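Thanks for coming. I will go through one model today, starting with a helix and ending with the overall counts. Please have the display open.

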Amino acid sequence: MSKRFKESNLEGHSGLHFNTAATAEPDVPPALKESNKLSATSMGENSIPSFKAADLVVRPSSRPKAKQPTFSFGTAFTDHMLSIEWTLSEGWQTPLIRPLGSLSLHPACSALHYGIQLFEGLKAYRGDDNRVRIFRPMLNMSRMARSARRACLPAFDQSELLECIRRLVELDQDWVPHTASHSLYIRPTFISTESSLGIKKPTCALLYVIMCQAGSYFNDEAEPVSLWADPKYTRAWKGGTGDCKMGGNYGGALLAQHEAMDYGCQQVLWLHGGDHQITEAGSMNIFLHWINEDGEEELATPPLDGIILPGITRQSILELTSKWGGFKATERYLTMGQLCTALKQQRVKEMFGSGTACMICPIGRVFYQGEKLY
Ligand SMILES: Cc1ncc(COP(=O)(O)O)c(C=O)c1O
C-alpha cells in the first residue's frame, strides 16, 4: 500500500476519512479467507506499472450545478468525474478530474460489442460529525482488480486509484447528503476502448469514476420485497463471470427481472442446479436467519464458490455477526427444498438481501412453483 494512501487514510489530513475500522479484522472467519487472499494478492500487484495519484490533474468545473435533493437512484450526478486512459504501447496516462461530460467512443468499441467492461459500486456517507467517510473502499478496489483480470483489462495500483477517488469525493463533497439515510454513490467503471470488431484482449482502455446521490434503492425502505424463484433463468454458473462485477451479468438478468414483475414480484430469487440452490436475490447477496436442520440458530448465506458475487456488505455482515455469538454465522448451501420445509415447520426467523445500494433489504415472500411462501 502506498505511503501516501496510508497517511491520508489514517490521518484524514484533507478532511475526508475512510472507514477502515471494519477492515482491521484480527479474527477473520475461515470462510472469509478467500476474499482476504484476494486483497493480499492484489497488494502484491501494487508494484505493477500504474498511474499515480500524485500526478492527478484537476480541471474544476466553471459551472457547478445547483444541488437538488434528488434521491432517485442513479440520476443526480455530481459536477466532476475522474478519467484515466491506458494503452498497451504507452501504459497508464495521467489521471484527470474534469467536469462530468459525455465520452467519445468509436462505434466499434469492444466494450459496446462484447461487453469487455466492469464496474464497482461504493458509497460515501456524511457522519453526525459532518465528516465524509467511504465504506471499506479497499475491498471494492480488490474486487475491481479481480474483475479487471477476468475481463482481460490491465492491472492498476489499487491504492493509487483509491487516492484519486478520494480526491474526487473531496472535490464534490458538497454533494454528499446531510441526511442519515442518504449517501453519495461512487461508480468506478472500466471499459475497453478497442476500436476493432476483432474479439481480442484490449490494447486501449478507459477507467472512469462518476458519482451520484443515492437515497433508498427501492421505493419504500420499510416494505419487504417479494421474490420470484424459478429455475428457468440462471444468473451465474461455475467458470462464468457471476463472481465479478461485469455489465453482462446485469443486462442478462433484465428479462428475468421483468418476468418476476409479471408474477407480481419485485426481484428474482436466483436458483442454481437441479436441487434449486438459493444463490442471490436480484443484485443482492442473500441471508437466511433460521433454526437449521440440526436445531441450531443460524445466519446462513451461500458460499463463494464462483457463482456468488463476493459482496462487501455480505462480508461485513458475516464478520460482525460471527462475533456476536448467540447464533452461528455460516457460509453453506441452501436449497428451496430446505427453505420450504423450514417455512412449513416455522423455523424461519428472517430472510434478507444485502448490498451497497439497498444495505439490508427484508424479504417478505417468495413465489415458487405456483405457491406464495411466507
Ligand atoms: C449480483 C450482486 N450480488 C451482491 C451484491 C452486493 O455486493 P456489495 O455488498 O459489495 O454491494 C451486488 C452489488 O453490487 C451485486 O451486484
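How many residues does H8 have, and how far does H8 reach from its first C-alpha to its last? H8 has 13 residues and reaches 19 Å, which is close to the 18 Å expected at 1.5 Å a residue. The expected span of a helix is 1.5 Å times one less than its number of residues. Helices (H or I, at least four residues) and strands (E, at least two) are DSSP runs, numbered from the N terminus.

Two remarks on the source. Residues are numbered from 1 along each chain as its sequence is written. This is a predicted model, in which local features need pLDDT of at least 70 and side-chain atom pairs count only at pLDDT 80 or more, while totals for chains, interfaces and linings use all residues.

Back to H8. Ile312, Thr313, Arg314, Gln315, Leu318 and Ser322 are buried in this helix. A residue counts as buried if 20 or more other C-beta atoms lie within 10 Å of its own, as exposed if 12 or fewer do, and as partly exposed in between, with C-beta atoms placed from the backbone. An α-helix has 3.6 residues a turn, so residues three or four places apart point the same way. Just after H8, glycine 325 takes a positive phi of about 75°.

Next, the ligand. Its shell has 13 residues, and the closest are Ser283, Gly311, Thr313, Gly355 and Thr356. Near here means that the C-beta atom, placed from the backbone, lies within 6 Å of the molecule or strand in question. H8 gives the largest share of this shell, three residues. Strand S14 (284-291), H8 (312-324) and strand S17 (348-355) each supply at least two. By class, the shell has three nonpolar, eight polar and two charged residues. Ala, Val, Leu, Ile, Met, Phe, Trp, Tyr, Cys and Pro count as nonpolar, Asp, Glu, Lys and Arg as charged, and the others, Gly among them, as polar.

S17 takes us to the strands. Which strands pair with S18? Two strands pair if DSSP finds at least two bridges between them. Strand S11 (residues 225-229) runs parallel to S18 (residues 359-368), and five bridges join them. Tryptophan 228 has phenylalanine 367 of S18 as its bridge partner. S17 pairs with S18 in the antiparallel sense over four bridges, and phenylalanine 352 is bridged to proline 362 in S18. S17 and S18 are joined by a hairpin through three residues.

Now the loop between S11 and helix H6 (247-251), where arginine 235 is found. Two residues are in contact if their C-beta atoms, placed from the backbone, lie within 7 Å. Arginine 235 and isoleucine 307 are 72 residues apart in sequence and 8.1 Å apart in space, C-alpha to C-alpha.

Lysine 245 lies in the loop between S11 and H6. UniProt, in an unreviewed entry, lists Lys245 for "modified residue: N6-(pyridoxal phosphate)lysine". UniProt positions are given in the numbering used here, feature names are shortened, and annotations may be inferred rather than shown by experiment. Lysine 245 is buried, with 26 other C-beta atoms within 10 Å. Not counting residues up to four places away in sequence, lysine 245 touches Leu118, Phe119, Glu120, Arg143, Ser147 and Leu309.

Arginine 136 is not a glycine, yet has a positive phi of about 45°. Arginine 136 sits in the loop between strand S8 (132-135) and helix H4 (137-150), and is buried, with 21 other C-beta atoms within 10 Å. Histidine 276, also not a glycine, has a positive phi of about 50°. Histidine 276 is placed in the loop between strand S12 (267-272) and strand S13 (277-281), and is buried, with 21 other C-beta atoms within 10 Å.

Last, the overall counts. The protein has nine helices and 19 strands. Of its 374 residues, 41% are buried. Of the contacts with a separation of 6 or more, 74% are between residues 24 or more positions apart.
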